[in-house]
Amino acid sequence: MSKQYKLIRCRINGKEREAMIDVRASLTDLLRNDFRLTSVKKGCEVGECGACNVLINGECFNSCIYLAIWADGKDILTLEGLEGPDGELSDIQQAFIDEAAVQCGFCTPGAIMSAVEILNEGRELSDEEIRIRMSGHLCRCTGYENIFRAVKKTMLARLAAAEKNK
Amino acid sequence: MYDIKALYEAESVEDAIRLLQEHPQAQIIAGGSDVLVQIREGKRAGVELVSIYGIDALRGVCYDEEGAIRIGSLTSFSHIAADPIIREQIPVLGEAVSLVGGPQIRNIGTIGGNTCNGVTSADSASTLFAWDAIVELTGPEGIRHLPIREFYIKAGVVDLKPAEVQTAILIPKSSYEGYFGNYIKYAMREAMDIANLGCSVNVALSEDRKVIRDARIAYGVAGPVPMRTPSAEALAKGQELSEETIGKVARAVLQDIHPRDSWRAAKAFREHIAVEIAKRALRQSILLGGGVIRE
Ligand code: FES
Ligand code: FES
């Protein structure tokens, strides 16, 4: 059978994009190869490690087990979409650095995107809830406690800032 | 790139049926968290797929005209867990599906995919068995309804006829009204793990909350397909709420279930756990129903 392609249109990190893609591609393939968004890592490629995690319409998905064709019409956010206009780091990225939650860094982009999903809820999660919500990420450097601290710290800082601005 | 021979995207249920008729070799892909992984493993390499993931009409939870809870087959686990109807009427289903995989898997995984795989360890399955769920299947000849117990034929095989699509799962009003449930998953890890054993219990109490009016006990991984425990359920009916009753009913499940030895756990161990989690789930269901358990 000849190769099958599909034209998809989606929003990636706030920009409208278009691509002609091979229907066999995963969303990881699309983001890395077509758009050079290399924060999206290829780890296990079977949906177990979370290294390829991105937000689609605000929810976390492992892009390695998400067909690229399904991205049509969706709003996708990768780690690259977090940086400020002059390349500044976002608060959650800075917190990962400050808490030494980054060691080799391979799991970091995926883990941060799960943190973003949590932070976007704008409410205070219990420690237990944070751990559950971050449980879809394997860190071979085993920095789990530091990752947890970075997420919690950022959540509390954002809530305090929102309180002040009331 | 996935090793896929051809992929057809369905825009509606009718479209899916037509595509499945045109391509009889094609397999259905919903969220893909099992199908795509199997393709990676080489098990289904070179398949033709009909994707139904884009059919939004199959998403969401609502009541139907008869008051049954209707769960669209493509509703994700995380949406089921967060749904107000589920939380009010059958919170145990939300709790059960919150134990599937990890958070990202719960966003992509669908209840229809979970049941159509026919896997005994599916966290949703034992709970759906306990609720006497009805599976809605739509095919070239129209719609048919099947009790979930008949939908599962054997390990990995469900009653899905050629060109048929599972479109919804229904929980009849008579099976949820007045019932309280609890699900216990026994696994080695708390996340990203498959159940060694799962037990889902529903209990309805008498009006004075002194005796068990009805009990439904279902297991996953206790046999090749999820199963109910008729002997234990018959024994439970009309019994007073006491630790003795709970113990007796829980032990009776061994007349009905047939766990096996596997590398995950030994048969004797599974039997021991089966009784213990039945006790706990019974106790919890009774307490949720407002019952008081005598020592
Ligand atoms: S690379 Fe996608 S989950 Fe591991
Ligand atoms: S920092 Fe190395 S895998 Fe997590």
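This is a predicted model: local features need pLDDT of at least 70, side-chain atom pairs count only at pLDDT 80 or more; totals for chains, interfaces and linings use all residues.
Residues are numbered from 1 along each chain as its sequence is written, and chains are lettered from A in the order in which they are written. Local features need pLDDT of at least 70, side-chain atom pairs count only at pLDDT 80 or more, and totals for chains, interfaces and linings use all residues, while side-chain values use heavy atoms, with hydrogens and water left out.

**View 1. Helices α3 and α5 of chain A meet.** The axes (lines fitted to C-alpha atoms, for helices over the stretch in contact, with angles from 0 to 180 degrees between N-to-C directions) of α3 (residues 108–120) and α5 (residues 144–164) come within 10 Å and cross at roughly 30°. That's why α3(A) and α5(A) count as roughly parallel (angles under 35 degrees). On the α3(A) side, A:A115, A:I118, A:L119 and A:N120 make the contact, and on the α5(A) side it's A:V151, A:T154, A:M155 and A:R158 (contact means heavy atoms within 4.5 Å).

View 2. Domain 1 covers 5–81 and domain 2 covers 91–164, bounds that come from an automatic or database domain assignment. Their C-alpha centres sit 22 Å apart. Here 16 residues of domain 1 are in contact with 13 residues of domain 2.

**View 3. Helices α12 and α13 of chain B cross.** The axes of α12 (residues 243–252) and α13 (residues 267–288) come within 8 Å and cross at roughly 135°. Among the residues that meet are B:I246 and B:V249 in α12(B), and B:L282 and B:I286 in α13(B).

Note on methods
Helices (H or I, at least four residues) and strands (E, at least two) are DSSP runs, numbered from the N terminus. Angles under 35 degrees count as roughly parallel, over 145 as roughly antiparallel, 65 to 115 as roughly perpendicular and the rest as oblique.
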